[in-house]
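Biologist: Happy to go through this one with you. Shall we take the labels one at a time and see what stands behind each?

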Amino acid sequence: MENSEGVKIESTVVTEEPLISALDIALFVVIITVAYFWYFKRDKQSSSSEKKPYTIQPSSLSSIEQTSNSSFIKKLKSTGRSLVVFYGSQTGTAEEFAGRIAKEGARYKMKGMVADPEECDMADLVEMKEIQKSLAIFCIATYGEGDPTDNAMDFYEWLQNGDADLEGLNYAVFGLGNKTYEHYNEIAIYIDQRLEELGATRVHEIGLGDDDANIEDDFVSWKEKLWESVCSHYGIEETGEESNIRQYKLVDCSEVLPERIFSGEISRLKSYENQRFPFDVKNPYLSKIAVNRELHKSGDRSCMHIEFDIDGSKMRYDTGDHVAVYPKNSSELVDKIGELLNADLDAVFSLLNTDEESSKKHPFPCPCTYRTALTYYLDITSNPRTHIMKELIEYASDPKDQEKLKLMASSTPEGKKEFHEWILRDNRNIVHILEDLPSVKPDLDHLCELLPRLQCRYYSISSSPKVYPKSIHITAVLVNYTTSTNRVNKGVATNLLAQLIPTNDELPQPTIPIYIRRSQFRLPPKSQTPIIMIGPGTGLAPFRGFIQERDYARKEGREIGEMVLYFGCRKKDEDFIYENELQEYVANGTLTKLHLAFSRDQPEKKYVTHLLEQNADELWNIIGEKSGHLYVCGDARSMAKDVHSIIVKVVMEKGQMTNSLALNYVKKMEQQKRYSADVWS
């Protein structure tokens, strides 16, 4: 701007025609500028290969460093290892199992490492044959509608789309699933078969863990036979008893500055003080609780309607999505551990991986206080697994306590029975174990290494963004129950939420970290498509959002299809949640039919499944004659299975099909997303 103004002034003062015009000067400047930038960019590119490896970037790795870190083959070769255990984990269990296998490898002269497939170049599997007596093990969970876990998605797609020659790769697969779900261990089964198709050698048959029964027992049984197969395949022998080798070493951080100490953040230090979009599993949004009200009218149970404020967060959700809530353990339980172990919970410490090649330097954000670790990062309320029993043996000073732990850690029938009865049936957590075995006094830092990570809890979103773009609603039953040892166990997330009551004054409102997880549970693209929704209890949650969205479309003047809802609860006067809302939707025509089952309002129990059987004509009219969609939300163990059986029966009878044809018809509905389930066990 200054130059152009200068040229104009000069042209008005000078009367003679200049040798070089303003246009010439402008063109000259442009040419020089372009030449300079072209030369600079070329020079920078030519020297980048030399400069990049030596650039230190504390917050992120350079592309060359990332490539180097992604090569698990290089790590295996440089450290003399022959065993790599990959995990596909959504809740941490598969990662835990992978760590246990890698640790045991030392007993069989196989030094192992754990690897996250998301951080590895899985195409390097073709080079495993270059490592003598090498073995790749995959601990793979299946979640959702037969989906791979987030961190195994790229590997799954690579197997599907690629045709790598994996001859010379030796492998074994253990799957983590739940038999109450239709797609039981589907991802693990696929990976096991696909690796063989690509030429790899299966060293041991696939293991299928069932989380609805006793996945720990399934894993231990499979693992024992795995090592027998490994010894046979490679001609090696076990070197002796497994020693309890620590994976992490304790570091005293008492001199660390307060601003460098984690206080509950999931990943980034001070992330709750300085929030940055986008928000995800490692960077949750600290949401204010806008509404927290009771839905049950009476009775001794509680069901909460909670609204999370997301105004200004840039977070977006779709009807049918899930919201993850990050809980924290009760201070009562945390204090109890400190008391039982006579430990200073406010001491600042860090756990550093003894394996320098591992990409996982700490088991959770460090440094922090023991109180922070036990409150935000560690699961102290679930049933500990057998490997924890094994690690606790050395800390028992009483021979009786020692023998009890040894028995529960063993894989004998007697040991499995004792573990099942004393831990699982009696629902003991680590606090209860330390109370009931008073001579067991583990080092607190070792206990922090052993305990699994505290996981976020997922809830079906019970609102539509069309109606509530600035808030997310959930419907949650308060979990409280008494165990056979007369202890009261409390749900970690729901009991925390029950305490977060917003106030009407100017005090800071309660907050909790959340993020949105996408779902495949979706309304049909066309609002005219008829739908049937089956959701007893809190299974109603996503359908509340569905109904809101269709009601919004109706008010906009759009045509909407039939909406039929099947809802059930115990008693109409106690736990008929959202009753007034539902009746209003019936009155205005958004909800075509509302079928209600109150199981305890009459001598004989009445459930939604009974109503489905009574309305076979209506069911077939919508899913058969009108090609409508059917949705199920709620208990996977019994309700969802019963609904599936009834649907198949209706298709057989009303569609005049054989059982085989009816099963294929329902299967096709599922493939076309016309039959969707959002269930839990």
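Modeller: Let's begin with α6 and α7, which are oblique to each other. This is a predicted model, where local features need pLDDT of at least 70 and side-chain atom pairs count only at pLDDT 80 or more, while totals for chains, interfaces and linings use all residues. Residues are numbered from 1 along each chain as its sequence is written, and side-chain values use heavy atoms, leaving out hydrogens and water.

Biologist: Why are α6 and α7 called oblique?

Modeller: Their axes, lines fitted to C-alpha atoms over the stretch in contact, with angles from 0 to 180 degrees between N-to-C directions, cross at roughly 40° and come within 11 Å. Angles under 35 degrees count as roughly parallel, over 145 as roughly antiparallel, 65 to 115 as roughly perpendicular and the rest as oblique. The α6 and α7 pair therefore falls under oblique.

Biologist: Which residues of α6 and α7 meet?

Modeller: F155, Y156, L159 and Q160 in α6 meet I187, Y190, I191, R194 and L195 in α7, with contact meaning heavy atoms within 4.5 Å.

Biologist: And what makes S271 count as buried?

Modeller: Its relative accessibility is 3%. Buried means under 20% relative accessible area, exposed over 50%, partly exposed in between (1.4 Å probe, protein chains only), so S271 counts as buried.

Biologist: Where is S271, and what does S271 touch?

Modeller: S271 sits in the loop between β8 (248-252) and β9 (285-294). Not counting residues up to four places away in sequence, S271 touches E265 and N283.

Definitions and conventions: Helix = DSSP H or I, 4+ residues; strand = E, 2+ residues; numbered from the N terminus.
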